[in-house]
Structure formats: C-alpha cells, structure tokens
Amino acid sequence: MRITLLGTGTSSGVPLIGCECAVCQSVDYRDKRLRSSIHIAVDGRSFVVDTGPDFRQQVLRLRLKQLDAVLFTHEHKDHTAGLDEVRAYNFRSGQDMPIYARPTVLAQLKREFAYIFAEHKYPGVPHVRTTEITNEPFEVLGVPVMPIEVMHHKLPVYGFRIGDFTYLTDLNYIAEQELEKVYGTKVLVLDALQRQPHISHFTLDQAVALAQRIGAEKTYFTHISHKLGLHREVDAELPPTIRLGYDGLQINL
C-alpha cells in the first residue's frame, strides 16, 4: 500500500490569502498546504479520500492517471468542491466513477452538483455511481474498508481504516468504541489544526495525546493551519514517532 498526502491544509489553505505571517511568507515547500486529501494505492486499485477545491492541482502534481473510486469523509466544501474534475477519469476509463459516502453527504453532493445527477445530462459532465455507506465495514472494488465515526463539533464525519493505515481528519472527538477500531494501526494520519483551542478540530497537544494513546508506529498530522507555526520548528518539537505531514509526502506500507 502507498499513501500520498495530496493536501494537508485547512479549508483556506496555506498560505492564507492576504496573510503576511511567517508561515504564509515561508519559502519552505512544506509550509505550502493545499486542502486536505489523500490518495491510496492498494491491491492494484487507486482511491482518493475527498475531492476538495485543489483536487485538479493535486492529481496533476501526482501525475495520477488511474482513479478507481472516491470516498468522502463529510460534506464541507473544502472536501467536496472538486468533484467535477473526475470527468477526466470518466474520459480515460469510459466508466462511471464510484463514489462512497454517507446519505447526508450524497444529498449535499446532489444539491451542489445537480447537473451531474440530472436525468438529462449535458454532454461531457461527470458520470458517477453512488454507494451509501454507514458505520459498518464495506468494500471498495474488493478492498475492505472500516469506517470510523468521529465528530467535527456537531457534524458526524467518517475516518477510514484500510489494512494497517487509518485516516482521521476534521475532528475534535472520537468515542471509545470508535477508537477501538483504530488500535493496531501502523500508520495514522490525524487532524492537528493549531495550538489554540478550536470548536471543531484537535489542537496540537490534543492530537499528540491521542496519537500516543493509539500508539501507531508512525503518525502524521494533517489539516494544519498557518497558526500552528513553521513546519521545521513544530516538527522538531514532536516525539520521534510523530511528524507533521506535508503535501506530496508518500508513505509505504
């Protein structure tokens, strides 16, 4: 399995438009963060989790020629706005793109992208095939996936575990019964927004504490705000098994 962090930024990305802080002015490529998303290559299949506003840029940078399915964590625009770009993969494969999401997310997609789901489609629009998921194990084209329900303030969000890898973004709470699904993970990607308390995301300290409790061999933080600090400085503070993620990072399992 190979995991690529396509984006590790917040809903506004980093740099933030108009901001002149040290992070937003940094020339370190690790401080340039597109909206959070990942690519997973496993058993000959190619998946992405979330298609945010930067999806086109992300897959071009990765030179991703094959995409077999899309999984969605939740319905916020920074995780869904790029869905239209799957049309390129329709053209390449000649097939509908399978998308997997909870019913509320699919309902939101059908409102936001009504033309994709119209009975009479305009030529060239994306073609998708929807599958509703619940908080029960499911398969994506033969690959077993374990959903993990977390809370993003009051909004339920799904994380996903595939084999020894778990992805948990946009959360500030996880129930004990859901945490049980994560134990034993070798590689964890986890939300860590900033140092200050936030209504819907883990702080750096909260993320470190949870990562140490889970005890993965390696944890990478994602959904990082410019308020967290410079990559090189924050990364140097972290325990040896925990690192800041950055756009383009590839992890092999």
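The model is predicted, so local features need pLDDT of at least 70 and side-chain atom pairs count only at pLDDT 80 or more, while totals for chains, interfaces and linings use all residues. Residues are numbered from 1 along each chain as its sequence is written, and side-chain values use heavy atoms, with hydrogens and water left out.

Start with the open sheet: seven strands in the order 6-5-4-3-2-1-14, with mixed pairing (strands are DSSP E runs of at least two residues, helices H or I runs of at least four, numbered from the N terminus; pairing takes at least two DSSP bridges). Strand 6 (128–132) and strand 14 (250–252) sit at the edges with a single partner strand each, so one side of each has no neighbour in the sheet. From one strand to the next, the twist averages 20 degrees. Strand 5 (residues 97–101) runs parallel to strand 6 over five bridges, and Tyr100 has Thr131 as its bridge partner in strand 6.

Helix 4 (residues 103–112) lies across strands 5 and 6, at about 130 degrees to strand 5 (angles run from 0 to 180 degrees between N-to-C directions of axes fitted to C-alpha atoms, for helices over the stretch in contact; contact means heavy atoms within 4.5 Å).

As for the cores (buried Ala, Val, Leu, Ile, Met, Phe, Trp, Tyr and Cys joined through side-chain atoms within 4.5 Å, buried being under 20% relative accessible area with a 1.4 Å probe, protein chains only), the largest has 27 residues, and Leu168, Ile174, Leu190 and Phe221 touch the most other members. Helix 7 gives the most to this core, six residues. Another core, of 25 residues, lies apart from it and includes Ile40 and Tyr100.

Key: Buried < 20%, exposed > 50% of the residue type's maximum accessible area, 1.4 Å probe, protein only.
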